[in-house]
Amino acid sequence: MTTLLPNHRRDADEVQTFRASDRLARSLQKVLVDLIELHLQGKQAHWNLVGTNFRDLHLQLDEIVDIAREAADTIAERMRALDAIPDGRSDTVAATTSVPTIAPGLLSTIEVVDAITTLLYATVDTVRAVHDDVDAADPSTADLLHSIIADLEKQAWMVKSESAKA
């Protein structure tokens, strides 16, 4: 064991750190782009929402957008902590996301409930699809994915309950 004295610094090459494999980085990149797309699609729906129960759904969309944006930031920062390079550029997101797009123009609250529920579950599907590989490579990062899944599934339940029948 090496003891560091107050004026002694280690060279960066001497420090052993965990680095993301290419496979782990690709998995996290998939999650990142889908979270960014969810954030953007959620904002689009938020701006163009009309109809019954507008205000409640309008505010709930902001909650979903905030969750997606914060989760994307968490994943991108985790990638950097593991020496992977996140790519959140709009052209990359558009070319690689698996999240479907919502229709342009004004959207009724009923349309938005269905569309946002679909977008939430599509994003969850991506996180679940990479989970086992991420967990095998880095359980700490898998813990982040667990939190994202729980948050998004809760939002999906809350949104889809808007149109559910008892």
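Because the model is predicted, local features need pLDDT of at least 70 and side-chain atom pairs count only at pLDDT 80 or more, whereas totals for chains, interfaces and linings use all residues. Residues are numbered from 1 along each chain as its sequence is written, and side-chain values use heavy atoms, with hydrogens and water left out.

The secondary structure of the chain consists of five helices and two strands. These elements follow the order α-β-α-α-β-α-α from the N terminus. Here helices (H or I, at least four residues) and strands (E, at least two) are DSSP runs, numbered from the N terminus. The radius of gyration of the chain is 19 Å, well over the 15 Å that the globule rule gives for 166 residues, so the chain is more spread out than a compact globule. That radius is taken over C-alpha atoms, and the globule rule is 2.2 Å times the number of residues to the power 0.38. Along the principal axes, the C-alpha atoms fill a box of roughly 65 × 35 × 30 Å.

Of the 166 residues, 40% count as buried. The term buried means under 20% relative accessible area, exposed means over 50%, and partly exposed lies in between (1.4 Å probe, protein chains only). Among contacts (heavy atoms within 4.5 Å) between residues at least 6 apart in sequence, 80% join residues at least 24 apart.

An unreviewed UniProt entry places the feature "domain: Ferritin/DPS" at residues 28-161. UniProt positions are given in the numbering used here, feature names are shortened, and annotations may be inferred rather than shown by experiment. In the model, this span is 79% helix and 3% strand, and its end C-alpha atoms lie 30 Å apart.

Helix α4 covers residues 109-137, which amounts to 29 residues. From the first C-alpha to the last, α4 reaches 41 Å, close to the expected 42 Å at 1.5 Å a residue. The expected span is 1.5 Å times one less than the number of residues in the helix. A kink of about 45 degrees is centred on His131 in α4. The bend at a residue is the angle between axes fitted to the seven residues ending there and the seven starting there.

Side chains of opposite charge can pair when their charged atoms come close. The structure holds seven salt bridges, each defined as a side-chain nitrogen of Lys or Arg within 4 Å of a carboxyl oxygen of Asp or Glu. One of them joins Arg23 and Asp133, with an N to O distance of 2.8 Å. Arg23 lies in helix α1 and Asp133 in helix α4, so this pair ties together parts that are 110 residues apart in sequence. Arg23 is exposed at 52% relative accessibility, while Asp133 is partly exposed at 35%.

Helix α4 also contributes Arg128, whose side chain meets that of Glu153 in a salt bridge (2.8 Å, N to O). Because Glu153 belongs to helix α5 (residues 139-160), the pair ties together parts that are 25 residues apart in sequence. Both partners count as partly exposed, with relative accessibility of 46% for Arg128 and 28% for Glu153.

In a further salt bridge, the closest N and O atoms of Asp83 and Arg19 are 3.1 Å apart. Asp83 lies in the loop between α2 and α3 (90-96) and Arg19 in the segment before α1 (22-47), so the pair ties together parts that are 64 residues apart in sequence. Asp83 is partly exposed at 39% relative accessibility, and Arg19 is exposed at 54%.

Most residues other than glycine have a negative phi. Asp83, although not a glycine, has a positive phi of about 65 degrees. Asn53 likewise has a positive phi, near 65 degrees. Asn53 is found in the loop between β1 and α2 and is partly exposed at 31% relative accessibility.

Two buried residues were also examined for their contacts. Gln60, in helix α2 (residues 54-81), has a relative accessible area of 8% and is buried. Leaving aside residues up to four places away in sequence, Gln60 touches Gln155, Met158, Val159 and Glu162. Asn48 lies in the loop between α1 and β1 (49-50) and is buried at 18% relative accessibility. With the same exclusion of residues up to four places away, Asn48 touches Gly105, Leu106 and Leu107.
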